2 protein chains.
Amino acid sequence: MTIVRIRKEKKYALVVDIGGTNTVVGLGNLKGKILKKNKIKTLPESGPDFLFLKIINVLKGFIKKFKLKKEDILFSSIGSPGPLDLKQGSIIHSVNLSGWEKFNLREPLEAAFKIPAFIENDANLAGLGESWLGAGKGKKMVLAFTLGTGVGGAVIIHDRIFNGSKGYGAELGHITIYPDGPLCTCSNHGCLEAYISAGGILRRVFENKKALSKSILNKFSIETLTPFKVSLAAQKGDKFAINILKETGRYLGIALASYTNIFNPDVIILGGGIMKDNKIVQNHAKKELRKRAFKIMSKDVKIALTKLGDNAPLIGAIKNGLNLYYGNL
Amino acid sequence: MTIVRIRKEKKYALVVDIGGTNTVVGLGNLKGKILKKNKIKTLPESGPDFLFLKIINVLKGFIKKFKLKKEDILFSSIGSPGPLDLKQGSIIHSVNLSGWEKFNLREPLEAAFKIPAFIENDANLAGLGESWLGAGKGKKMVLAFTLGTGVGGAVIIHDRIFNGSKGYGAELGHITIYPDGPLCTCSNHGCLEAYISAGGILRRVFENKKALSKSILNKFSIETLTPFKVSLAAQKGDKFAINILKETGRYLGIALASYTNIFNPDVIILGGGIMKDNKIVQNHAKKELRKRAFKIMSKDVKIALTKLGDNAPLIGAIKNGLNLYYGNL
């Protein structure tokens, strides 16, 4: 086998992170440094053709600005809300991008730049980015969770995404924690996501009318309240808000204990608005995890917060591209 | 790289499956065929030195009988109740083999035969055997469960054992299914194992005194009843026994739904006495799984029974040895 050595800081990747509202388009080098990025509106109702025209335009601008030659750019790598059909290169189902299901996400970039294009679920890319250069750097077995509209999860083994036989797995928000619990968006009952997603947290706030009436959260409606505001109220000492966060940590910890017994991870990385500037969720998740998981595994697992912020999916896209590009050599 | 080609039917492995009561010693070829095996008593209280003297004697007898030359035997491969310290080569903790914790399981065989010895958890080897040549043959992503004294589990990816960062993972019986459920042997509450292990099944039988009084199971004590007898009573139409098995299937299915969302497996293999000659557990597990897991994953996952019987751990030991022996080339 010939060992291919390249100077990774002199070679580049085109990266794209498609979201329901915004899409981030970036240029990075193969060491994982994002040199330039732009945020554009996704406008789901205008369709994917229109979005990709704009993406290609932005990328061409980057290439011009950095005076890159064709051979300096190895691949493009795209993150998208999933689940994705990795074989077809298309979205199978996404609430925010409905109607995009037949569209091949790889083709426009392959046609425009004549380089391979790779796609992956955005939560998996964010986890991979954190594992490669963020809170999981140097670790072998990394799990990542993002508490947001849903509960995103990623399983990263040796800086590679694990997503099961057909790439639909690693749905870590959809572990059942109470089999008779509330209905989840996935139509199961009692998933972790049904308790600790934004919707799950708000449901728990407005369910407990009596306690809510004594809380500063009482001034919000279900439309105006957000998990971040719950977190702010807790920081101000609001007892009800503190309890909601403690419970959130406990639910998360129940799941993390199972995941620890299953994956024997080195580090579990937590992200999302509610984790920021507030240790309550993290501490209670840790406590519950240590109470429940096998000691031999729980004693070594580190619970960490995300480090790369919004760049995580772009950095993960570079690493995923590298894995797949060189995986085929 | 030089490609090493060997005629696998002409090369051999020494395999050992240590159990709490019996130890099986075998000789197999590298295609996974067990040519000869002997069962000996483990006698835990006599210690590991004594057991390994007997193991080595049996293996020397096999080598003589088959007129094997030193260079025909590539490695020895051992399965043991776990968790194991794969680095030290020793048992970290086993209820049935307590006091064996300092003993290096690899050394006696390495010293006697001057070939590498490999060790692995017995449940993982059984799963690997089934994945390689049994009910999971040709499948990429395989999960295996054995319902017995405990609930053993294995995660097999491309015919390789996945067991997490330090090899303690894949404890699939210790996923929490009811966080406030009964105490488990692992000291967590509400693990799958607490419901569907032999002890969990018997607990559920004797807990429901009223229904039990009308059942043919009523003639047994907690000392004389076994899950297999519950299964036999169900076959005879005993309603209470049937309900116990339906519930067993439901508990298992709750966990299998989570595992399907996590691993996106091609096949889930079920084994153990209670699964034999009786479809109730299997059918109810399937039903619950299909109700709860993501359709895109549940529609393709196959639920199968073990095919290799008692040979599974020995065959898995051959494959694990092959993976590790050639993994280092």
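In this predicted model, the axes of helix H7 (residues 227-235) and helix H8 of chain B cross at roughly 120° and come within 7 Å of each other. H7(B) is therefore oblique to H8(B), and their crossing is left-handed. On the H7(B) side, the contact is made by Val230(B), Ser231(B), Ala233(B) and Ala234(B); H8(B) contributes Ala241(B), Ile242(B), Ile244(B) and Leu245(B). Sorted by class, these residues comprise seven nonpolar, one polar and no charged.

H8(B) also takes part in the meeting of the two chains. Here 35 residues of chain B are in contact with 35 residues of chain A. Helix H8 (239-263) and helix H10 (295-298) of chain B each supply at least two residues of the side that touches chain A, and the largest share of that side, six residues, comes from H8(B). Its residues divide into 20 nonpolar, 10 polar and five charged.

Chain A holds an open sheet of five strands in the order E3-E2-E1-E4-E7, with mixed pairing. Strand E3 (34-41) and strand E7 (117-121) of chain A each have a single partner strand and stand at the edges, so one side of each is left without a neighbour in the sheet. From one strand to the next, the twist averages 15°. Strand E2 (residues 22-29) of chain A pairs with E3(A) in the antiparallel sense over seven bridges, and Gly26(A) stands opposite Lys37(A) in E3(A).

Helices also pack on this sheet. Helix H1 (residues 48-65) of chain A touches strand E1 (12-18), E2 and E3 of chain A, its direction making about 30° with that of E2(A). Helix H11 (residues 312-327) of chain A lies across E1, E2, E3, strand E4 (73-80) and E7 of chain A, and runs at about 125° to E4(A).

Definitions and conventions
Residues numbered from 1 in each chain as written. Chains lettered and ligands numbered in written order. Predicted model: local features only at pLDDT ≥ 70, side-chain atom pairs only at ≥ 80, totals over all residues. Contact = placed C-beta atoms within 7 Å. Helix = DSSP H or I, 4+ residues; strand = E, 2+ residues; numbered from the N terminus. Nonpolar A, V, L, I, M, F, W, Y, C, P; charged D, E, K, R; others polar. Axes fitted to C-alpha atoms, helices over the stretch in contact; angles between N-to-C directions. Parallel < 35°, antiparallel > 145°, perpendicular 65-115°, else oblique. Left-handed = near helix turned anticlockwise from the far one by under 90°. Pairing = 2+ DSSP bridges.
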